Amino acid sequence: MPAKSKLGQNFLNDAQAAERIANAFGDLSNRTVVEIGPGRGAITGALAARAKHVLAVEFDGTLAAALRERFAPERVTVIAQDVLGFDFAAVASKAGERLAVAGNLPYYITSPILLKLAACHAALETAVLMVQREVADRVSAAPGSRDYGLLSVTAQIHGPVERLFTLPPEAFSPPPEVHSTVFRWRFASQFVELGVEKEAFLAFVRHAFAQKRKTLANNLRAAGVAPEAAVTAMERAGLDSRVRAETLPIESLAAVFHLLHAQRAG
Ligand code: SAM
């Protein structure tokens with residue numbers, strides 16, 4: 001079966017890496033794992049050997065049929081569908097547990113998959129994902145670093161992200177043009193702790209990072225916040241009014257958000 005590049009098919013041919021991905025979850029013996037894009041089953045085997053059950057969600061019907069031949073249905077249920085339409089919440093509720101999620105993600109829809117997992121965070125416990133190294137750099141970046149931005153905040157507000165290891169193109173067949181990095185994402189959203197309403201705060205964060213070179217005040221102004229209100233909120237939060245969102249930890253963004261809302265309410 002030739003790989004279909006339009007489906008992001010770069011198959012892992014490093015068995016040790018597959019073991020490391022499965023081991024990164026810790027004890028899986030009582031866990032249901034959803035694998036995104038199992039492909040030819042390189043990681044599926046390692047997961048099936050450890051987990052209570054694996055749900056393998058593969059878009060390519062031919063690969064899905066081959067996986068059904070290879071794995072016993074008691075250990076692996078193969079679901080031939082687009083993961084973007086997969087109902088994580090319903091599966092978690094049926095399983096009576098928060099899910100583990102694994103995947104060497106198809107690169108062409110990496111961001112939509114990460115955003116979907118963020119949106120389903122309440123149904124998830126841990127994800128161990130392989131993505132293009134540059135995406136892992138952004139997801140795991142710390143405030144003030146070159147890669148810190150909207151993707152970092154969107155991921156990290158749903159739980160801490162740790163980079164685990166990086167693989168060269170030769171670890172895949174066919175080799176992609178980029179290195180790939182595995183990271184672990186432990187879902188523990190901070191909305192309650194920060195006292196922010198989820199959708200309103202995420203919209204604020206999108207505005208805050210709308211234009212990379214602009215100051216936070218200017219990005220907020222473009223979103224309709226009065227300049228004096230933005231400056232007052234930032235000063236009250238103990239921030240320089242010329243600061244850019246790219247330097248601010250999530251707590252400081254939440255402080256500005258609160259102060260703006262308090263001003264509006266007052
Ligand atoms: N896990 C396998 C491995 O590591 O060898 C394959 C990884 S390959 C990078 C990505 C896989 O995702 C392919 O098998 C591809 O067919 C599948 N895929 C692509 N788009 C998908 C989608 N929308 N939903 C589910 N699977 C998808």
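1. Pro174 lies in the loop that runs between strand 8 (172-173) and strand 9 (180-186). Helices (H or I, at least four residues) and strands (E, at least two) are DSSP runs, numbered from the N terminus. The peptide bond between Ser173 and Pro174 is cis, with omega at about -10°. Most peptide bonds are trans.

2. The basis of the values is as follows. This is a predicted model, in which local features need pLDDT of at least 70 and side-chain atom pairs count only at pLDDT 80 or more, while totals for chains, interfaces and linings use all residues. Residues are numbered from 1 along each chain as its sequence is written, and side-chain values use heavy atoms, with hydrogens and water left out.

3. The ligand sits in the largest pocket. A pocket here is an open set of points on a 1 Å grid over the protein atoms alone, where a 1.4 Å probe fits, with protein on both sides within 12 Å along at least five of seven lines. To sit in a pocket, a molecule must have more than half of its atoms within 2 Å of the pocket's grid points.

4. Around the ligand there are 25 residues, of which Gln9, Leu12, Gly37, Glu58 and Tyr108 come nearest. A residue is near a molecule if one of its heavy atoms lies within 4 Å of it. The shell divides into 14 nonpolar, 7 polar and 4 charged residues. In this scheme Ala, Val, Leu, Ile, Met, Phe, Trp, Tyr, Cys and Pro are nonpolar, Asp, Glu, Lys and Arg are charged, and the others, Gly among them, are polar.

5. For Asp82, an N or O atom in the side chain is 2.9 Å from a nitrogen atom of the ligand. Taken alone, the ligand exposes 600 Å², and the protein buries 99% of that. Accessible areas come from the Shrake-Rupley method with a 1.4 Å probe.

6. Glu58, one of the residues that come nearest to the ligand, is found in the loop between strand 3 and helix 3 (61-70). Is Glu58 buried or exposed? Glu58 counts as buried because its relative accessibility is 6%; the term means under 20% relative accessible area, with exposed being over 50% and partly exposed in between (1.4 Å probe, protein chains only). The C-alpha atoms of Glu58 and Glu228, 170 residues apart along the chain, are separated by 51 Å.

7. His53 is found in strand 3 (residues 53-57). At 18% relative accessibility, His53 counts as buried. The side chains of His53 and Thr77 are joined by a polar contact of 2.6 Å. Such a contact is a pair of N or O atoms within 3.5 Å; within protein, one must be able to donate a hydrogen and the other to accept it, and residues adjacent in sequence count only if both atoms are side-chain atoms.

8. Phe201 lies in helix 9 (residues 198-208) and is buried, with a relative accessible area of 0%. A separation of 11 Å is found between the C-alpha atoms of Phe201 and His261, 60 residues apart along the chain.

9. Leu253 has its place in helix 12 (residues 250-265). Leu253 is buried, with a relative accessible area of 0%. Its C-alpha atom is separated by 8.8 Å from that of Phe204, 49 residues apart along the chain.

How values were computed. 1 Å grid on protein atoms, 1.4 Å probe; cavity = no way out; pocket = protein on both sides within 12 Å on 5 of 7 lines; lining within 4 Å.
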